[in-house]
Amino acid sequence: MSKKQDSAGDIGVFPGSALPEAVAAVIAAIETDIIRSRILPRNRLIEDHLMEDYQAKRHVVRAALVELQRLGVVVKPPHLGAQIRRFDEATLGALYHMRSVLHQAAVDLMPMPPAPPRLQALEAARDAHAAAVLTGDLIAIHRTNMAFHRVLYGLCDNPYLAESIRLHDWLSFPARAYGIADAGALAQACEEHAAMVESLRRGDRPTLGALALEHMDRARRLYVGKFLTR
């Protein structure tokens with residue numbers, strides 16, 4: 001595998017069962033190239049090219065594409081082959097409306113404040129993301145951000161709601177990926193993670209709800225500005 005695939009790492013961010021290491025590495029490589037804007041919405045994902053780029057066997061590339069299709073990152077329109085999902089304004093608006101409903105529902109169910117061990121776990125996830133930001137490792141930034149959200153929304157203690165949020169996080173990845181490398185957005189994300197933890201510590205549910213929605217919506221606005229504004 002090429003150097004950019006070394007961070008395949010936390011397979012636990014994927015819904016469902018653990019993936020083979022080689023498949024996870026190709027997925028991480030594709031994710032990184034999306035984040036770096038090397039792969040843009042509706043770019044075709046040609047197996048032969050991916051095999052060459054990521055030094056992977058065909059069955060591994062195919063398995064990675066199948067998993068990304070299952071997560072909603074990749075689509076396969078008839079006669080066009082695999083490509084990264086592209087949103088129009090209507091579908092993006094519908095997706096983010098659903099995400100806002102799910103996030104607010106989770107916030108409404110969270111204990112305020114959470115038990116100290118659970119708050120400490122969230123603090124550890126916050127610190128891991130902040131440390132990843134300092135390294136500049138884009139896939140680590142992405143994965144630790146997902147992990148922070150998984151711990152945060154897991155506080156709702158409704159596993160079906162938490163899993164729905166995680167699945168919608170992946171559905172939105174083709175939209176929010178392009179903000180992961182944005183320095184300003186990253187700095188703001190770190191500040192908001194810290195503010196979310198503090199609002200939980202204080203038992204301030206309204207502030208947490210507002211932070212959760214604003215935190216989520218910034219990536220949508222970046223995508224609109226990059227791909228949907230003429």
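**Exercise 1. Determine how helices H5 and H9 are oriented to each other, and which residues join them.**

Solution. H5 and H9 are roughly antiparallel to each other, a term that applies to angles over 145 degrees. To reach this, take helix H5 (residues 116-135) and helix H9 (residues 183-202), whose axes cross at roughly 170° and come within 10 Å; axes are lines fitted to C-alpha atoms, for helices over the stretch in contact, and angles run from 0 to 180 degrees between N-to-C directions. The model is a predicted one, in which local features need pLDDT of at least 70 and side-chain atom pairs count only at pLDDT 80 or more, while totals for chains, interfaces and linings use all residues. Residues are numbered from 1 along each chain as its sequence is written, and side-chain values use heavy atoms, with hydrogens and water left out.

Next, list the contacts (heavy atoms within 4.5 Å): among the H5 residues that meet H9 are Leu119, Leu122 and Val133, and the H9 side includes Leu186, Val197 and Leu200. By class, the residues of this contact divide into 10 nonpolar, two polar and three charged.

**Exercise 2. Describe the packing of helices H1 and H6.**

Solution. Helix H1 (residues 21-35) packs against helix H6 (residues 138-154) at an angle of about 100°, and their axes are 9 Å apart. H1 and H6 are therefore roughly perpendicular to each other, the term for angles of 65 to 115 degrees. On the H1 side the contact is made by Ile27, Ala28, Glu31, Thr32 and Ile35, which meet Leu138, Ile139, His142 and Arg143 in H6.

**Exercise 3. Decide whether Glu192 is buried or exposed, and find its polar partner.**

Solution. Glu192, which has its place in helix H9, is buried, with a relative accessible area of 5%; buried means under 20% and exposed over 50%, with a 1.4 Å probe and protein chains only. Not counting residues up to four places away in sequence, Glu192 touches Leu211, Glu214, His215 and Arg218. With His215, the side chain of Glu192 forms a polar contact of 2.6 Å, that is, a pair of N or O atoms within 3.5 Å, one able to donate a hydrogen and the other to accept it.

**Exercise 4. Carry out the corresponding analysis for Asp169.**

Solution. Asp169 lies in helix H7 (residues 159-171) and is buried, with a relative accessible area of 4%. Leaving aside its neighbours within four places in sequence, Asp169 is in contact with Arg99, His103, Met146, His149 and Arg176. A polar contact of 2.7 Å joins its side chain to that of Arg99.

Terms used
Helices (H or I, at least four residues) and strands (E, at least two) are DSSP runs, numbered from the N terminus. Angles under 35 degrees count as roughly parallel, over 145 as roughly antiparallel, 65 to 115 as roughly perpendicular and the rest as oblique. Ala, Val, Leu, Ile, Met, Phe, Trp, Tyr, Cys and Pro count as nonpolar, Asp, Glu, Lys and Arg as charged, and the others, Gly among them, as polar.
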